[in-house]
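Subject: Structure handover and notes

Hello,

Here is the structure I promised to pass on to you. My notes follow below it, and I hope they are handy when you open the model.

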Amino acid sequence: MKNIKSLFPSACLLLALSLGFVSCKEEDPFLDRDVAPVLVDIVGAPFGAPLASEPTVAYAATAEKLTLSARLLELDKTNILDHTKGIDSIPVPNLAIKVTLRTGAVLGEVTSDAQGVVKLDKTWADLGVTAPKAGSIIKISWSGSHKGIAFTRFSQIQAN
């Protein structure tokens with residue numbers, strides 16, 4: 001009995017230290033800290049592309065004008081627990097978006113219309129491709145800020 005009483009303080013200290021190490025929270029460096037406030041749906045990308053990491057829109061290599069377009073939606077989760085209503089997608093009007101090449105070159109700044117749509121007309125030369133060939137890929141980004149949270153959506157343009 002005396003042996004157990006002498007080990008009790010040491011056991012309590014060891015248990016406290018163990019719980020202290022186990023309960024430490026470490027931030028994951030691969031996850032964003034803020035959830036994007038806006039869903040940027042790239043128009044012209046194949047179905048399911050809003051869930052894909054980089055949706056790709058195909059344009060003919062001979063096209064003289066390329067219309068880069070996206071829909072900006074805010075998700076209203078008020079009725080998330082009501083299966084008869086669910087989540088609603090609300091267009092985000094009057095939101096400024098900066099469209100750039102991944103190299104940093106600015107393609108333009110546009111503002112969303114009442115339906116949350118942004119459009120930007122460009123040529124292959126504007127995108128830095130003088131003679132587009134089938135399979136050529138240009139990587140672009142769509143950036144903005146909504147409700148004080150900055151966001152960026154990546155997409156690609158491919159020549160057919």
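The secondary structure of the protein chain amounts to one helix and nine strands, where helices (H or I, at least four residues) and strands (E, at least two) are DSSP runs, numbered from the N terminus. Reading from the N terminus, the order of elements is α-β-β-β-β-β-β-β-β-β. The chain has 160 residues, and 30% of them count as buried; here buried means under 20% relative accessible area, exposed means over 50%, and partly exposed lies in between (1.4 Å probe, protein chains only).

Before the details, two words on the ground rules. This is a predicted model, in which local features need pLDDT of at least 70 and side-chain atom pairs count only at pLDDT 80 or more, while totals for chains, interfaces and linings use all residues. Residues are numbered from 1 along each chain as its sequence is written, and side-chain values use heavy atoms, with hydrogens and water left out.

The sheet

Five strands make an open sheet of mixed pairing, in the order S2-S9-S8-S5-S6; two strands count as paired if DSSP finds at least two bridges between them. At the edges are strand S2 (56-59) and strand S6 (106-111), each of which pairs on one side only. On average, neighbouring strands of this sheet are turned by 25 degrees against each other, direction ignored. For that angle, axes are lines fitted to C-alpha atoms (for helices over the stretch in contact), and angles run from 0 to 180 degrees between N-to-C directions. As a reminder, strands of a sheet pair through backbone hydrogen bonds, either parallel or antiparallel.

Going through the pairs, strand S8 (residues 137-146) and strand S9 (residues 149-159) are antiparallel, with ten bridges. Ser145 stands opposite Ala150 in S9. S8 is also joined to S5 by five bridges, again in the antiparallel sense, and Leu101 stands opposite Ile140 of S8 there.

Strand S5 (residues 96-101) pairs with S6 as well, antiparallel over five bridges, and Ala96 has Thr111 in S6 as its bridge partner. The hairpin of S5 and S6 has four residues between the strands, and Gly104 takes a positive phi near 110 degrees in it.

Salt bridges

How many salt bridges does a search of the whole structure find? The search gives five, a salt bridge being a side-chain nitrogen of Lys or Arg within 4 Å of a carboxyl oxygen of Asp or Glu.

One of them joins the side chains of Arg71 and Asp41, at 2.2 Å from N to O. Arg71 lies in strand S3 and Asp41 in strand S1 (residues 39-42), so the pair ties together parts that are 30 residues apart in sequence. Asp41 is buried at 9% relative accessible area, whereas Arg71 is partly exposed at 35%.

Another salt bridge links Glu54 and Arg102 (3.0 Å, N to O). This pair connects distant parts of the chain, with Glu54 in the loop between S1 and S2 and Arg102 in the loop between S5 and S6, 48 residues apart. Glu54 is partly exposed at 26% relative accessibility, and Arg102 is partly exposed at 33%.

Asp121 forms a salt bridge with Lys65, and the closest N and O atoms are 3.9 Å apart. Since Asp121 belongs to strand S7 and Lys65 to the loop between S2 and S3, the pair ties together parts that are 56 residues apart in sequence. Asp121 is partly exposed at 44%, while Lys65 counts as exposed at 54%. Salt bridges with shared partners also join Glu54, Arg102 and Lys139 into one network.

The surface

Finally, Leu75, Ile80, Leu81 and Ile87 make a nonpolar surface patch of about 430 Å². Patches are made of residues with over 30% relative accessible area and no salt bridge, like charges being joined within 9 Å and nonpolar side chains (Val, Leu, Ile, Met, Phe, Trp, Tyr) within 5 Å. Accessible areas come from the Shrake-Rupley method with a 1.4 Å probe, and for residues only the protein chains shown count as cover. Leu81 is in the loop between strand S3 (66-76) and strand S4 (88-91), and counts as exposed because its relative accessibility is 84%.

Best wishes
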